[in-house]
Every structure is written in C-alpha cells, then in structure tokens.
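Visitor: Could you walk me through this structure, one question at a time?
Guide: Gladly, let us look at it together.

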Amino acid sequence: MTKIDDRRRRIVKVGGASALGLGLAGCLGGGDGSEETTAADDADGNGETTESGGVTDVGMVYATGGLGDNSFNDMAHQGVQDAADEYDVAFTNAEPGSPSEVANLQQRFAQSTDPDYDLIPCIGFVQQDSLSQNAANFPDQNFMVVDTTVDADNVANYVFKEQEGSFQAGHMAGLLTQMDFSAGAGETTDDAVVGFVGGKETPLIKKFEAGYRAGVAHADGDVEVRTAYAGSWSDSAQGQEIALSMYDKGADFVYHAAGGTGNGVFKAAQEAGRFAIGVDADQSKSLAKYDDVILASMVKRVDEAVYRSIENVVNGEFEGGSTETLGLEQDGVSVVYGNNIGSEVPEDVRSALEESETAIVEGDIEVPTDPSDL
C-alpha cells in the first residue's frame with residue numbers, strides 16, 4: 001500500500017494467531033485475519049479508522065484488549081488523532097489479540113519502507129520485552145512506550161504516577177461512604193465499605209490498588225476496602241460479577257483499573273443502585289449510558305504522552321533514551337468529577353481532595369506503589 005494524496009483511511013485489526021502470518025506489502029495488512037477498510041467502507045461508524053498520506057507516519061501498536069475499551073487504548077488513540085488534527089501526520093493502528101503478537105507487530109512496522117514509519121508508539125507494559133529486542137534490532141527506528149521503560153537510545157519512555165491519582169479516588173470514596181449521599185441512580189448505605197477491581201494482577205495495576213487504598217485510609221482508617229482481580233482486560237461479565245458481589249457486601253463505591261472489564265463494574269453499579277469510579281478516561285463521557293452512577297474518573301493522560309512524543313518527532317526533537325514521569329504535579333493524572341452527577345459531590349469533600357493533592361505534590365504525603373507497603 002502506498003501513501004496517497006486524498007488521505008484515504010485505513011484500518012488494521014489483528015486478532016489471534018493470525019498476526020503471525022501477516023504479510024507486509026507496503027503497510028501492515030494483506031495477511032489472513034487482518035481487516036482493512038477505507039473511509040467509505042467505515043461510513044457506518046463501526047470500528048476504528050486510521051489515516052494515510054501525511055508527512056510524519058506513525059504506527060500505533062496498542063495494548064491487548066484493543067480499541068473500543070473507552071479507557072486506556074482509546075486514550076492513546078485520542079492522542080494520535082489529536083496529533084493528526086494539529087500536524088501533517090498519518091497513522092496506522094495495529095491491535096494485538098494477545099501478548100505473543102506484540103513483537104511481530106513492532107517488527108513489521110519497523111521493517112516497513114512504504115510508509116517508512118517515523119515513530120512507533122508502543123502502548124502498555126506488555127510491550128517491554130518485545131521492544132527491548134526490537135529497539136536493538138532496529139537502532140535507526142524511533143519508538144516510544146507507555147507504562148514501562150526500555151533502556152535504549154531510540155526509545156522515549158513515558159510513565160505515570162497512577163498511585164497519586166488513585167489516592168485521590170480513594171480519598172473521595174473513603175469520605176463519601178461515611179456520608180448519607182445520593183446522586184443520579186446511586187446512593188450510599190449504612191456500611192463504610194468501598195471496592196477495587198483490577199484487570200490482571202501486575203505491578204502496574206498494584207500501583208492503582210495501593211494508591212486507592214492509601215487514599216481511603218487517609219479519609220478514615222476504619223473504612224473497609226474489598227479488592228479483587230478479574231484476570232482479564234476484556235471480560236465485562238466477570239467485572240460485573242465481581243462488583244455485584246462487592247455491592248452485595250456493602251460497598252458504596254467500586255473503583256476499577258481493568259480496561260474493558262470495568263464496563264461490567266458500571267453495569268453492576270446501576271443494578272445495585274451504588275456508585276462507580278472510572279479510570280484512564282472520563283468514563284462518564286466515554287460511556288455516557290452509565291453517567292448516572294459514575295461519580296468520578298481517575299484520568300491518566302495517555303493521550304498527552306502519545307501527542308507529546310509525536311509532536312517531538314514532527315519538530316525534530318525526538319528524545320530517545322529519556323523517561324518522562326507524569327503525576328499530579330504534571331497534570332498526568334487527576335480525578336475528574338462525573339459529567340452528570342459529579343456536581344453533587346459536596347464542597348467539603350472537594351476541598352479535602354484539593355488539600356490532599358497539594359500535600360502529595362509538595363511531598364507531605366508519600367503515596368505507596370505496592371499494597372504491601374501500606
């Protein structure tokens with residue numbers, strides 16, 4: 001596939017073992033199991049599209065779970081879209097169906113000559129081992145990676161202090177669970193209980209759990225925190241089952257860091273008449289059908305990391321070998337109140353969160369990154 005002037009759109013969707021058999025005929029695609037569409041093909045709005053024909057070519061390798069998670073991957077996609085809106089940027093999306101496909105997708109982008117990708121953003125910690133090898137094999141190729149670090153001169157690393165934003169989410173939940181509070185379709189009970197649902201039990205997601213539990217304890221050490229891991233980023237039914245169990249046992253709020261699995265948490269919140277806290281994106285907007293129970297979201301600016309990395313390449317300022325850490329102070333993470341019911345959060349709770357945010361930024365509160373450190 002060659003670059004074309006009318007900026008036709010193309011999509012690459014990869015699932016299962018088929019990624020290993022993809023042929024690279026000018027661009028990713030053309031192999032069994034891959035799907036490619038033009039703007040006309042995608043006129044019904046289903047699926048994600050990519051653009052071709054710009055000066056700066058970007059090959060996006062997303063985290064497993066793929067686009068449409070209304071969370072982590074979609075935030076990364078927003079970043080490349082924003083860059084394409086601002087600059088003359090073309091991009092191709094590749095969605096690995098499993099971690100075993102990541103190395104092949106990185107390699108195929110790096111090997112491509114038409115287009116010759118100026119930057120390959122690698123989204124998620126699952127990319128680390130593959131990228132370590134591919135960065136060494138393709139020393140002239142620029143890469144960026146989110147949520148992990150690779151020590152190589154051709155890799156720009158972006159990591160986040162998820163524990164800081166999660167602390168804020170926990171602080172809010174810990175305060176409100178002790179109050180007689182109602183908004184939208186949710187209300188608190190007489191029990192001071194909150195919950196956390198993780199996707200896969202990894203060191204990264206443990207940072208979310210640790211920060212959340214620390215925030216709850218900062219509100220009141222007597223508030224009970226229930227935690228569970230679904231073992232998946234895309235099992236909404238499992239997320240719903242876990243959250244319903246937590247709500248049945250008195251939880252007023254459940255915070256998730258589980259990708260698409262978290263959609264089930266929102267369904268459970270509506271079913272139980274309680275509250276949920278979203279993650280990565282403002283999920284009261286990205287999943288508006290649940291905005292009557294999503295009181296807030298812990299936003300992680302993956303879009304900003306992707307945008308910054310592309311902007312640096314456009315401006316000839318790519319910073320390989322560097323690591324940029326984004327926390328509360330850098331606006332890399334934050335708690336945003338829900339679009340529909342967030343305005344109901346009492347002013348004294350908002351003020352308390354502002355105070356704890358200042359204390360974290362100034363170093364007066366040190367937020368743990370591992371639950372065992374609590």
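What follows is a short tour in questions and answers.

Visitor: Before we start, what kind of model is this?
Guide: Residues are numbered from 1 along each chain as its sequence is written, and side-chain values use heavy atoms, with hydrogens and water left out. Local features need pLDDT of at least 70, side-chain atom pairs count only at pLDDT 80 or more, and totals for chains, interfaces and linings use all residues, since this is a predicted model.

Visitor: What is the strand order in the open sheet of six strands?
Guide: Strands here are DSSP runs of E with at least two residues, helices are runs of H or I with at least four, and both are numbered from the N terminus. Two strands pair if DSSP finds at least two bridges between them. The pairing in this sheet is mixed, and the order is β11-β10-β12-β13-β14-β16.

Visitor: Which are the edge strands?
Guide: An edge strand of this sheet pairs on one side only. The two that do so are β11 (224-229) and β16 (333-337).

Visitor: Which residue of β13 is the bridge partner of Y255?
Guide: Strand β12 (residues 251-257) and strand β13 (residues 275-280) run parallel and are joined by three bridges. In β13, the partner of Y255 is I277.

Visitor: Are α6 and α7 oblique or roughly parallel?
Guide: Axes are lines fitted to C-alpha atoms, for helices over the stretch in contact, and angles run from 0 to 180 degrees between N-to-C directions. Angles under 35 degrees count as roughly parallel, over 145 as roughly antiparallel, 65 to 115 as roughly perpendicular and the rest as oblique. Helix α6 (residues 236-248) and helix α7 (residues 263-272) have axes 7 Å apart and pack at an angle of about 40°. That angle makes α6, relative to α7, oblique.

Visitor: How many residues in the contact of α6 with α7 are nonpolar, polar and charged?
Guide: Contact means heavy atoms within 4.5 Å, and here it is made by S236, G239, Q240, A243, L244 and Y247 of α6 and N263, G264, V265, K267, A268, A269, E271 and A272 of α7. Ala, Val, Leu, Ile, Met, Phe, Trp, Tyr, Cys and Pro count as nonpolar, Asp, Glu, Lys and Arg as charged, and the others, Gly among them, as polar. The residues of this contact divide into seven nonpolar, five polar and two charged.

Visitor: Is the crossing of α2 and α3 left-handed or right-handed?
Guide: The axes of helix α2 (residues 102-111) and helix α3 (residues 128-137) come within 9 Å and cross at roughly 30°. That makes α2 roughly parallel to α3. A crossing is left-handed if the near helix is turned anticlockwise from the far one by less than a right angle, and right-handed if clockwise. The crossing of α2 with α3 is right-handed.

Visitor: Is N154 buried or exposed?
Guide: N154 lies in the loop between β6 (143-146) and β7 (155-160). Leaving aside neighbours within four places in sequence, N154 is in contact with A135, F138, P139, Q141, N142, F143, F318 and G320. Buried means under 20% relative accessible area, exposed over 50%, and partly exposed in between (1.4 Å probe, protein chains only). With a relative accessible area of 7%, N154 is therefore buried.

Visitor: Which residue of β6 is the bridge partner of P121?
Guide: Strand β5 (residues 120-123) runs parallel to β6, with four bridges joining them. F143 and V145 point one way from β6, M144 and V146 point the other way, and all are buried. In β6, the partner of P121 is M144.

Visitor: What is the relative accessibility of V159?
Guide: V159 is found in strand β7. Not counting residues up to four places away in sequence, V159 touches D147, T148, T149, T323, E324, T325 and L326. V159 counts as buried because its relative accessibility is 17%.

Visitor: What is the phi of D331?
Guide: D331 lies in the loop between β15 (323-326) and β16, and counts as exposed at 55% relative accessibility. Most residues other than glycine have a negative phi. D331 is not a glycine, yet its phi is positive, near 60°.
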